[in-house]
Amino acid sequence: MRDLSVRRHHPSRRAFLFTSTGACGALALWSLRPPGIASAASIPGMVTIIQFGANGKKTGKVVVPKVVKSDAEWRQLLSPISYEVTRQAGTERAYSGDSLNIHDRGLFRCICCDIAVFSSETKFDSGTGWPSFWQPIARENVAEATDRSLGMERTAVSCRQCDAHLGHVFTDGPPPTGLRYCMNSAAMRFVKLA
Ligand SMILES: [Zn+2]
């Protein structure tokens, strides 16, 4: 048996989710979102993203080709847990990620393609065991889509540039947005501000 800290499509996974204090629970907000932004496009082509520099500041809007690799390539490039989360839509075990207790100022970049997806500015302690944010660093840099896996209806959040699964978003977050982006540490790389 592989020593991975995530398991997909396994009966105990569901039990785990429902007993983890509603952590990445079943609250869906897909129906509240306007049409047009609710699809995680997987069409190869170009995407518009916002770039951020080492000082955390926006450097501009750019149109870039999507990052597309084969499953074998991703498997080779990523650690087992990062592969499982980002390319297989897995979820790391609560309290297992190294981003959880990061309180430095910096950017959280997609582990697969390195675009900035979240900032420490919007990180908060949700008490769930997963790094949580009240908004992405730029709406352009993430995609959201309805996820009906595991017998629940949730909104999955992925990287706009490479389609990496990052986590889910729920409507029980703090002000000013009321949103809780419940992310996986394994999907991101933290870069301290220069
Ligand atoms: Zn990415």
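Biologist: Along the chain, the zinc donors are spaced C-x2-C-x45-C-x2-C. What makes an atom a donor here?

Modeller: This is a predicted model, in which local features need pLDDT of at least 70 and side-chain atom pairs count only at pLDDT 80 or more, while totals for chains, interfaces and linings use all residues. Residues are numbered from 1 along each chain as its sequence is written, and side-chain values use heavy atoms, with hydrogens and water left out. A donor is an N, O or S atom within 2.8 Å of the metal (3.2 Å for Na, K and Ca); water is not among the atoms, so sites may look incomplete. The SG atoms of Cys110, Cys113, Cys159 and Cys162 coordinate the zinc ion at 2.3 Å, and therefore they meet the 2.8 Å limit.

Biologist: Why is the arrangement of the four donor atoms around the zinc ion called tetrahedral?

Modeller: Four donors count as tetrahedral if all angles lie between 85 and 135 degrees. The angles at this zinc ion are 98 to 116°, so the arrangement is tetrahedral.

Biologist: Which parts of the chain does the pair of cysteine 113 and cysteine 159 link?

Modeller: Cysteine 113 lies in the loop between S3 and S4, and cysteine 159 in strand S8, 46 residues apart. Strands are DSSP runs (E, at least two residues), and helices are runs of H or I with at least four, numbered from the N terminus.

Biologist: How do you know that strand S3 is mostly covered?

Modeller: Buried means under 20% relative accessible area, exposed over 50%, and partly exposed in between (1.4 Å probe, protein chains only). In S3 (residues 106-110), five of five residues are buried. Cysteine 113 and cysteine 159 are both buried as well.

Biologist: Which residues have the most contacts inside the largest nonpolar core?

Modeller: They are Phe118 and Leu166, in a core of 30 residues. Such a core is a set of buried Ala, Val, Leu, Ile, Met, Phe, Trp, Tyr and Cys residues joined through side-chain atoms within 4.5 Å.

Definitions and conventions. Tetrahedral: all angles 85-135°; square planar, octahedral: opposite > 155°, others 65-115°.
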